[in-house]
Amino acid sequence: MVSLNRDALTEKILEGARISTDDALELYRSPLEELAALANARRDLAKAKSYGGRGREIVTYIVDRNINYTNVCNVYCKFCAFYRTERDEDHYVLSFEQLDQKLDELTAAGGVQILMQGGHHPKLPFQWYIDLLRHIHEKYPHINIHGFSPPEFQHFAETFRMPLREVISQFKTAGLGSIPGGGGEILVDRVRKRISPLKINSDEWLEVMQVAHELGLKSSATMMFGHVETVEDRVEHLQRIRDQQDRSGGFTAFICWTFQPQHTVLKVKQPTGVSEYLRMQALARIFLDNVDNIQSSWVTQGPDIGQIALRYGANDFGSVMMEENVVSSAGTTFRLDAAQIESLIHEAGYEPRRRNNWYELLN
């Protein structure tokens, strides 16, 4: 009976039909190679009609730069090794001159986007953020500002005593182009209370995405796993992402990665391994039938696993990422330039193409 159920589930997946959470839990127990084949089939179905019918052959990437405008934060997440308080000697807020230097370097490298996030600074005024966005947008109009995760927006709304919609609207008017999916971790409140008790809950994270999508801003969705959550929690997270996409349709991509425990308060008995990362990425590709793009996470897994992940449902290699501070603070540091990324994509049997945030090809 189990094999018949598995055969029916396999047929459902190959036909592109939606699977249930029970299906996902059953699928999770599949042999890894079988899961990879099913995820790759779903990838091909999702991309068959894109890029003039050549989406199956193409793997995209973007040239951008992470800019963490401040490391001051008052939510003290147990999994984070990046944050500082104002009492720490190494706390900072970047000046506009420092930002310009980073953006000049990005422009020289052919970059088209910055991923700008920071801590929950308790004292920066609203106008500072508006001036920051206007400055970047006016001086570097070719750079998309992909900035401020949902926890930051909820922090702004509370700190500035403004409606969330008004905050996001004013940020968009000042130059914000899209929103990253940071701060999602696991969208199960029991888990969130254990790893980040002062951060927003699941509904509040999704509320930011709903409002942003209604205002015309696209965003990514993420999942950080391998800490205190269960497999059932991971599937519930995927369910909430899929339900949100059904409602608002604004997620351009999904990215998952494993918790990096070095130098953090949150400890785990055994760091999550490569096979578990590949298993979850493959499951995400199959379950998230309404999210077109899945990124491989070479920043946490390393270039070789990022390449292998292209056979586990991913169609995007993420970012050149000239600068990365948060994950590297936890002890994981990988760097790739555009030529290395293109070589890895070629070696995996795909055609590398640069893209922008909206997955439009640039070359």
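Thr60 is buried, because its relative accessibility is 1%, and buried means under 20% relative accessible area, exposed over 50% and partly exposed in between (1.4 Å probe, protein chains only). This is a predicted model, in which local features need pLDDT of at least 70 and side-chain atom pairs count only at pLDDT 80 or more, while totals for chains, interfaces and linings use all residues. Residues are numbered from 1 along each chain as its sequence is written, and side-chain values use heavy atoms, with hydrogens and water left out.

**Thr60 and its surroundings**

- Thr60 belongs to strand β1, which covers residues 58-62.
- The side chains of Thr60 and Asp316 are joined by a polar contact of 2.4 Å (a pair of N or O atoms within 3.5 Å; within protein, one must be able to donate a hydrogen and the other to accept it, and residues adjacent in sequence count only if both atoms are side-chain atoms).
- Leaving out residues up to four places away in sequence, Thr60 touches Tyr51, Asn315, Asp316, Phe317, Gly318, Arg353, Arg355, Tyr359 and Leu361; contact means heavy atoms within 4.5 Å.

**Aromatic rings**

- The whole structure holds 19 aromatic pairs (rings of Phe, Tyr and Trp, the last by its six-membered ring, with centres within 6.5 Å; planes under 30 degrees apart count as stacked, over 60 as edge-to-face and the rest as tilted).
- Trp128 and Tyr129 make an edge-to-face pair, because their ring centres are 5.1 Å apart and their planes stand at 85°.
- Trp128 is buried at 16% relative accessible area, and Tyr129 is buried at 0% relative accessibility.
- Phe148 and Phe156 also pair edge-to-face, with 5.7 Å from centre to centre and 75° between the planes.
- Phe148 has a relative accessible area of 0% and is buried; Phe156 is buried, with a relative accessible area of 0%.
- One aromatic cluster is formed by Tyr69, Phe96, Phe126, Trp128, Tyr129, Phe148, Phe153, Phe156, Phe160 and Phe171.

**Charges over rings**

- Arg242 lies over the face of Phe287, 3.7 Å from the ring centre (NZ of Lys or CZ of Arg within 6 Å of the ring centre and within 35 degrees of the ring normal).
- The charged end of Arg279 sits over the ring of Tyr28, at 5.6 Å from its centre.

**The whole protein**

- The protein has 15 helices and ten strands (DSSP runs numbered from the N terminus: helices are H or I, at least four residues, and strands are E, at least two).
- Of the 363 residues in the protein, 59% are buried.
- Among contacts between residues at least 6 apart in sequence, 76% join residues at least 24 apart.
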